[in-house]
Amino acid sequence: MFDFKGLSNAVIEGDSDQVQALVKEAIDAKVDPLTIINEGLIGGMNIVGQRFKVNDMFVPEVLMSARSMNEGIELVKPLLAAGEMTNKGTVVIGTVKGDLHDIGKSLVGMMLECSGFQVIDLGVDVSPEEFIAAIKENDGKVIALSALLTTTMLSMKSTIEECVAQGIRNDVKVIIGGAPISQEFSDQIGADGYAGDAAAAVELVAKLLENTDMVAR
Ligand code: B1M
């Protein structure tokens, strides 16, 4: 039985060497790659989040934890299916304006890529105009918006409104996600769907592009 608690603790301590050693051990023991990410790496980051909230951890420590988690994810990445060579559709992803959190967004992007979608990652602090410019430029069919702050959630609504204003709302699907986001909020702002985690985001994109003429563009 692999020691997920040890891996989570290494993330909490921001001990990159230990994270990498334990991830390699898990890979050698043929532990399912998604379980390594969800139980070990994200499990640790969730505890970091709780400690950050009660001022038991501070920004530099949180960043060390995030870095060590990312280094672990990099080792697991090649195992998450090679991805299909054909493009199942182009997804433009980013964290919305005013928001600098990119760990979850990058995870979603990586999983989409591994599942055969072409992913254009615009990074963080992305304005509605930048999302739409990228969709037009790349003939993309899905805008994937991530937000971690309650104060930036409304930028998701602005992005949808900008799609309407620029006359492309019927040509794109907009999906949203991030810790403060819910299905209720998605319905409220008129998004096409909400996903609670990276695996659900892949399923959602596949479902939204199913039976449409939007694929492989
Ligand atoms: Co920030 N931060 N942070 N932070 N930070 C939160 C989000 C917070 C909940 C912490 C807390 O108080 N408990 C809180 C928000 C409170 C609120 O709005 N209600 C908070 C705050 C307040 C802040 C600052 C304002 C702090 C300050 O400066 N006073 C500041 C804001 C900066 C800014 O953005 N303008 C800030 C800064 C930072 C750091 C820079 C230190 C760092 C970010 C580093 C980075 O991303 N490169 C950071 C971190 C790391 C966190 C916590 C601790 C962890 C977030 C994370 O990466 N989780 C976070 C606490 C928490 O969430 N528990 C917190 C791991 C990641 C894998 O999960 O991102 O949720 P997550 O992604 C998941 C799902 O949500 C989903 O899939 C992912 C995988 O399962 N998902 C999607 C995400 N995007 C999706 C998109 C989809 C579908 C699913 O479709 C498109």
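View 1. An oxygen atom of the ligand is 3.3 Å from a polar backbone atom of alanine 179; a polar contact is a pair of N or O atoms within 3.5 Å. The model is predicted, with local features needing pLDDT of at least 70 and side-chain atom pairs pLDDT 80 or more, while totals for chains, interfaces and linings use all residues. Residues are numbered from 1 along each chain as its sequence is written, and side-chain values use heavy atoms, without hydrogens and water. A backbone N or O atom of leucine 100 lies 2.7 Å from a ligand oxygen atom. For aspartate 102, a polar side-chain atom is 2.7 Å from a nitrogen atom of the ligand.

**View 2. The cobalt atom.** His101 (NE2), at 2.2 Å, is the only protein donor of the cobalt atom of the ligand; donors are N, O and S atoms within 2.8 Å of the metal (3.2 Å for Na, K and Ca), and water is not among the atoms, so sites may look incomplete. Histidine 101 belongs to the loop between β1 (90-95) and α5 (103-114). Helices (H or I, at least four residues) and strands (E, at least two) are DSSP runs, numbered from the N terminus.

**View 3. The shell around the ligand.** Around the ligand are 33 residues, each with a heavy atom within 4 Å of it. α3 gives the most to this shell, with five residues. Domain 1 (4-79) and domain 2 (90-210) both contribute residues, so the ligand lies between them; the bounds come from an automatic or database domain assignment.

Notes: Polar contact = N/O pair within 3.5 Å; in protein donor to acceptor, adjacent residues only side chain to side chain.
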